[in-house]
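Reader: I am new to this structure. Please take me through one spot closely, then show me what lies around it.

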Amino acid sequence: MSTLSINLGMLETKGIQAAGVIGSDYQKQIEAQTPLGRIGQPQDIAPAPVKPKEIEMDTQYYDDIIGGGKAGKTLAPALVAGRRKTALVERSLNMIGGSCPNIACIPSKTMVASAEVANTVRNSAAYGIKTTPPTVDMSAVIQRKRSVVQSLRPINLNNLHTALGDDLIIGTARFVAPKTIEVATDEGTTRLLTAERLFITVV
Ligand SMILES: Cc1cc2nc3c(=O)[nH]c(=O)nc-3n(C[C@H](O)[C@H](O)[C@H](O)COP(=O)(O)OP(=O)(O)OC[C@H]3O[C@@H](n4cnc5c(N)ncnc54)[C@H](O)[C@@H]3O)c2cc1C
């Protein structure tokens, strides 16, 4: 039996406070070279010895979702509520919750908020407030943005973990066969997931 668990120390290294222990026992690990690894090799040349890749065969899901962003994190709890066995694969703990809270809407809006404060102070005389012209400390603006972004990650992680438990998988997914994805997990293992339906919620 193997255990795939999100290393809590790693979470903290990445600026994420541990939202709870995430991990589980999975089915028997199968040590075998994936047949797909041999595609493209000439048949008449003996393949060089390759260290077998550790592939963990998973139980079949009804739904697999690739991407833990706005779409994926909204869809997953709805599917689970409909009693569908669902896995959600998100490539990075630093992207948990997707682009919006990590690299798009939230970070841009926190910086816009700083600009608005500077603008208000600069124009304070119009409101009857006398002050010296503001100076912008860009590193403090960026630090504020980072702390806002980092404060949201444990919330998104906790929400997804509450909905999905061990079926929240941190790793990068790619299709290897119809209805089958291979996930290179954050921990360096490889998992094969199959599902009746696959939702690709990446941009
Ligand atoms: C600068 C900027 C500002 C924005 N501001 C706003 C705003 O104010 N309001 C608004 O409504 N929208 C805003 N948006 C748009 C918003 O960010 C997107 O509409 C939204 O993030 C799309 O959500 P999504 O779930 O489709 O994709 P995403 O949120 O991008 O989620 C996709 C997820 O898939 C993961 N992923 C990708 N490939 C793989 C893989 N192979 N395996 C596993 N996981 C993978 C990614 O890590 C990511 O977490 C903004 C966008 C930008 C760029």
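Author: K179 counts as partly exposed, because 14 other C-beta atoms lie within 10 Å of it.

Some ground rules. The model is predicted, so local features need a pLDDT of at least 70 and side-chain atom pairs count only at 80 or more, while totals for chains, interfaces and linings use all residues. Residues are numbered from 1 along each chain as its sequence is written.

K179 sits in the loop between β7 and β8 (180–185). Its phi is near 60°, a positive value in a residue other than glycine. R83 also has a positive phi, about 60°, and is not a glycine. R83 belongs to the loop between α2 and β6. R83 counts as exposed, because it has 8 C-beta neighbours inside 10 Å.

Now the whole chain. There are five helices and nine strands. These are DSSP runs, numbered from the N terminus: helices are H or I with at least four residues, strands E with at least two. In order from the N terminus, the elements read β-α-β-β-β-β-α-β-α-α-α-β-β-β. Of the chain's 203 residues, 23% count as buried. Contact here means that the C-beta atoms, placed from the backbone, lie within 7 Å.

β7 (168–177) supplies at least two residues of the shell, as do α2, β6 (86–90), α3 (99–102) and α4 (105–122). α2 gives the most, with three residues. The shell has 23 residues, and G67, G69, G98, S99 and A104 come nearest to the ligand. Being near means a C-beta atom, placed from the backbone, within 6 Å. By class, the shell has 10 nonpolar, 10 polar and three charged residues. Nonpolar covers Ala, Val, Leu, Ile, Met, Phe, Trp, Tyr, Cys and Pro; charged covers Asp, Glu, Lys and Arg; the others, Gly among them, are polar.

Follow α2 next. Helix α2 (residues 70–81) packs on helix α5 (residues 138–164) at about 25°, with the axes 9 Å apart. That angle makes α2 roughly parallel to α5. K73, A76, P77 and V80 of α2 meet N156, N159, L160, A163 and L164 of α5. This contact has six nonpolar, two polar and one charged residues.

α4 packs on α5 too. The angle is about 140°, and the axes are 9 Å apart. That makes α4 oblique to α5. From α4 come I106, P107, T110, M111 and S114; from α5 come V141, R144, K145, V148, V149 and L152. By class, they are seven nonpolar, two polar and two charged.

How are the angles read? Axes are lines fitted to C-alpha atoms, for helices over the stretch in contact, and angles run from 0 to 180 degrees between N-to-C directions. Under 35 degrees counts as roughly parallel, over 145 as roughly antiparallel, 65 to 115 as roughly perpendicular, and the rest as oblique.

Methods: Contact = placed C-beta atoms within 7 Å. Buried ≥ 20, exposed ≤ 12 C-beta atoms within 10 Å, placed from the backbone.
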